[in-house]
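Hi there,

Here is the structure I promised to pass on. Have a look at it first, and then read my notes below.

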Amino acid sequence: MSVSLTINGTPVSVDVPGEMPLLWVLRDVLDLPGTKFGCGRALCGACTVHVNGSAVRSCTAQIAEAEGAEVKTIEGLSPDGSHPLQRAWKALDVAQCGYCQPGQIMAAAALLARTTKPTDAQIDAALSGNLCRCATYLRIREAVKLAATDSAPRSIIPTR
């Protein structure tokens with residue numbers, strides 16, 4: 001099945017089985033490994049991407065459902081890592097093992113796109129489906145709040 005969609009602003013067409021999870025298309029077909037496989041059942045949020053601006057678990061979203069969609073992955077959030085969430089994550093040293101972080105950041109980006117100054121309760125609710133085995137939830141919440149102020153220090157932006 002040929003499916004046309006836009007990934008990180010670039011139109012693409014893939015010829016894969018329609019029931020293939022979007023996650024496998026991103027990782028295995030399009031070589032975008034930033035989105036992680038976690039549970040494969042939409043329970044942990046490691047595979048969160050944006051589809052038409054909404055946070056979606058790509059491990060259970062079939063590629064056929066993405067026909068014509070705009071998909072954004074962690075690679076497309078900011079090509080140079082300068083998105084306020086990425087700067088805040090670095091400034092507050094949020095990541096420990098880092099495995100869940102792309103999904104956490106994408107879920108937080110969806111929240112900030114619709115709620116510019118979220119409360120703790122709104123942050124907790126928006127990220128409640130994103131699990132972190134390192135339990136950095138308090139730092140994640142603080143990073144989202146810092147990103148909402150867009151005051152994360154620019155000097156900590158990693159160079160590539």
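How are H3 and H6 oriented to each other? They are oblique to each other, a word that covers whatever is left once angles under 35 degrees (roughly parallel), over 145 (roughly antiparallel) and 65 to 115 (roughly perpendicular) are taken out.

Before the rest, a word on where this comes from. This is a predicted model, in which local features need pLDDT of at least 70 and side-chain atom pairs count only at pLDDT 80 or more, while totals for chains, interfaces and linings use all residues. Residues are numbered from 1 along each chain as its sequence is written, and side-chain values use heavy atoms, with hydrogens and water left out. Helices (H or I, at least four residues) and strands (E, at least two) are DSSP runs, numbered from the N terminus.

Back to H3 and H6. Their axes are 8 Å apart and the packing angle is about 135°; axes are lines fitted to C-alpha atoms, for helices over the stretch in contact, and angles run from 0 to 180 degrees between N-to-C directions. From H3, Pro84, Leu85, Ala88, Trp89 and Ala91 make the contact, and from H6 Ile140, Ala143, Val144, Leu146 and Ala147 (contact means heavy atoms within 4.5 Å). Sorted by class, that gives ten nonpolar, no polar and no charged residues. Here Ala, Val, Leu, Ile, Met, Phe, Trp, Tyr, Cys and Pro count as nonpolar, Asp, Glu, Lys and Arg as charged, and the others, Gly among them, as polar.

H3 itself spans residues 84–91, and its buried residues are Leu85, Gln86, Arg87, Ala88 and Trp89 (buried is under 20% relative accessible area, exposed over 50%, partly exposed in between, with a 1.4 Å probe and protein chains only). Those buried residues pack against H2 (74–77), H4 and H6.

H6 (residues 137–149) also has H4 (residues 101–114) as a partner: the axes come within 11 Å and cross at roughly 40°. That makes H4 oblique to H6 as well. On the H4 side are Gln104, Ala108, Leu111 and Leu112, which meet Tyr137, Ile140, Val144, Ala147 and Ala148 in H6. This contact has eight nonpolar residues, one polar and no charged.

Last, take a look at Lys36, in the loop between H1 (22–29) and strand E3 (48–51). Lys36 is partly exposed, at 22% relative accessible area. Leaving out residues up to four places away in sequence, Lys36 touches Leu23, Arg27, Ala46, Cys47, Tyr99 and Pro102.

Cheers
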